[in-house]
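Let's take a walk through this fold together. Have a look at the sequence and the model, and then we'll go through some of the pieces.

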Amino acid sequence: MSKQHLPPPRSGPTAGTGQPSGRPAGLAGRVITAAAARAGAPGGLRFTERQLYYETCRVLSPGSTLLRGRVPGTPAPVLRLPAFTRALEARGRETVPGLLPPLPESGARVGPRRPRERAERPERSEWSEPSELSESSQFSEFSEFSESYSEPDVYDYGLPRLLMCQDRSIAGMLLANHVHLEAACPVFAAEDALPLDPRLLAALRRAEGATVYVLHDASPAGLALPAQVRSGLGPVPGVRVVSLGLAPRHAAALRLPTGRGPAPGPAALAALPAALRPREADWLAEGRFAEVAAVPPDRLLRTVLRLTRGPRPPRDSLWSGLRGLRGAGFMTWPAA
């Protein structure tokens with residue numbers, strides 16, 4: 001598959017504004033409506049435009065869903081991105097239930113930060129750059145989460161886990177679906193949060209055995225991100241850095257649509273993790289990659305929650321509960 005399968009989103013006077021283009025939505029609008037219903041299930045999940053695009057591809061190609069887990073592979077998207085963007089504009093972005101507004105390119109951070117110059121964004125293939133973003137629109141969850149870290153006494157406690165995302169929009173999606181509350185795990189975008197605020201580093205150190213999880217694309221830049229996070233943490237003893245994926249084998253098992261950009265250079269290939277299988281390294285050497293946004297939203301949330309919260313404690317039965325009450329104290333169980 002070549003780059004032309006997934007060119008960059010259209011930018012221009014009407015791109016990203018949410019204004020209909022004047023063309024009738026027709027069948028394309030109905031497909032997007034069905035895709036939005038699937039992306040938001042169950043329970044009205046929030047999702048990004050990129051996630052809606054991949055869900056639209058699955059609606060148009062139901063066979064890929066049926067083959068998932070049975071026939072591994074990384075198929076090409078069945079819908080070109082400009083065609084999806086035009087159909088979404090015709091339908092109206094603001095009329096799609098659950099669709100999150102675009103995140104400003106230079107928006108607020110997802111956490112505390114010392115004043116400094118914004119780091120240069122790592123280069124990605126040309127089609128994967130986000131569309132033109134409105135500076136006035138932003139995720140309210142980002143500002144709410146930042147405010148929750150504005151109290152000085154928050155940093156007096158240990159921070160046992162933290163989630164770092166390569167994609168800022170995915171970090172916003174996780175926050176919008178309250179993953180940081182359910183998993184008791186702060187969610188950050190790597191490009192905004194690194195290097196970490198000294199107070200967060202102190203909180204990680206105080207937890208004694210904290211874990212920093214990294215959620216990244218199946219690409220050379222994504223697979224190199226955990227090592228960058230590790231080096232960005234500095235000399236913090238006892239803090240683990242764990243990759244949640246994606247890896248090429250995950251993309252193949254889930255039959256995620258993949259793109260192809262320029263072949264990575266020798267330096268990028270040398271920085272790949274040693275745990276990669278030879279077939280995965282060859283896949284990456286061809287310039288192929290898969291985005292986290294291609295994972296169905298409900299599956300992404302379940303996986304992140306399961307991996308960050310850890311194994312759940314066993315559920316107590318009725319009899320074990322009664323035995324516990326017997327030894328809980330006086331007036332809880334008759335002595336005779």
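## The sheet

Strand β1 (residues 161-165) pairs with strand β3 (residues 211-215) in the parallel sense, over 5 bridges. Strands here are DSSP runs of E with at least two residues, helices are runs of H or I with at least four, and both are numbered from the N terminus. Two strands count as paired if DSSP finds at least two bridges between them. Leucine 163 has tyrosine 213 in β3 as its bridge partner.

The open sheet has 4 strands in the order β2-β1-β3-β4, with parallel pairing. At its edges lie β2 (187-189) and β4 (240-245), each pairing on one side only.

## About the model

This is a predicted model, in which local features need pLDDT of at least 70 and side-chain atom pairs count only at pLDDT 80 or more, while totals for chains, interfaces and linings use all residues. Residues are numbered from 1 along each chain as its sequence is written, and side-chain values use heavy atoms, leaving out hydrogens and water.

## One side of a helix

Which residues of helix α9 (residues 198-207) are buried? They are Leu200, Leu201, Ala203 and Leu204, where buried means under 20% relative accessible area (1.4 Å probe, protein chains only). These residues lie on the same side of α9 because they cover an arc of only 160° around the axis, taken from the directions from the helix axis to the C-beta atoms.

The cover over the buried residues of α9 includes β1, β2, β3 and α10 (220-233), with contact meaning heavy atoms within 4.5 Å.

Technical notes: Buried means under 20% relative accessible area, exposed over 50%, partly exposed in between (1.4 Å probe, protein chains only).
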